[in-house]
Amino acid sequence: MRYPIALAPALLLLSLSAAGENLEPPQGPVLLVVSGQLDNTNVGDEAHFDRAMLEALEQHETHTHTPWHDGAVNFSGPLGRALLEAVGSDSDQVRVTALNDYAATIPVSDFYQYDLIFAMRADGEPLRVRDQGPLFVIYPFDDDPDLLNEITLNRSVWQVNRLNIE
């Protein structure tokens with residue numbers, strides 16, 4: 001598509017601002033720190049998210065069984081791909097780390113192939129640390145039974161507090 005020459009400065013400005021926007025700083029307690037290869041930050045070269053910021057991202061609900069719960073649970077929280085888009089990442093993998101330093105690497109393709117969420121609620125109740133919160137990586141296991149395998153289960157990190165985009 002060809003644009004009139006008069007639009008060139010405006011298009012350049014638009015592309016530059018979209019490539020490196022800074023996020024608003026968190027107003028409440030930080031639940032998640034994102035580091036690594038990201039374009040959009042709010043604290044140094046990291047992106048810090050409080051609950052309100054995470055809730056402002058595109059939300060999704062997944063009704064699924066897990067090996068860690070009795071019966072199906074309604075998990076809700078931001079879509080993983082919405083979080084990646086918010087920080088401006090185009091990397092290949094994300095290292096997800098829990099409060100106890102357990103970590104797993106998730107290919108970015110999983111965030112786009114599945115409605116993978118960072119669950120903040122289970123059956124409408126906020127996830128507390130004792131309930132595998134504040135964030136829990138949830139795959140839609142009931143939608144695709146092939147996801148119930150050792151690799152995916154190991155990527156289902158709970159008590160998530162850090163992401164490193166690699």
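What percentage of the 166 residues of the chain count as buried? In this predicted model, the share is 43%.

**Figure 1. Overview of the predicted chain.** The fold comprises 5 helices and 11 strands. Buried positions make up 43% of the 166 residues. Among contacts with a separation of 6 or more, 57% link residues 24 or more positions apart. The accessible surface amounts to about 9100 Å², and carbon and sulfur atoms contribute 51% of that area.

**Figure 2. Surroundings of Glu-55 from elsewhere in the sequence.** When neighbours within four places in sequence are set aside, Glu-55 contacts Met-120 and Arg-121. The view also includes Pro-78, whose C-alpha lies 6.6 Å from the C-alpha of Glu-55, although 23 residues separate Glu-55 and Pro-78 in sequence.

Figure 3. The buried residues of H3 are Gly-80, Arg-81, Ala-82, Leu-83, Leu-84, Ala-86 and Val-87.

**Figure 4. The residue that follows helix H3.** Gly-88 comes after H3. The phi angle of Gly-88 is positive, with a value near 70°.

Key:
Residues are numbered from 1 along each chain as its sequence is written. This is a predicted model: local features need pLDDT of at least 70, side-chain atom pairs count only at pLDDT 80 or more; totals for chains, interfaces and linings use all residues. Side-chain values use heavy atoms; hydrogens and water are left out. Contact means heavy atoms within 4.5 Å. Helices (H or I, at least four residues) and strands (E, at least two) are DSSP runs, numbered from the N terminus. Buried means under 20% relative accessible area, exposed over 50%, partly exposed in between (1.4 Å probe, protein chains only). Accessible areas come from the Shrake-Rupley method with a 1.4 Å probe; for residues, only the protein chains shown count as cover.
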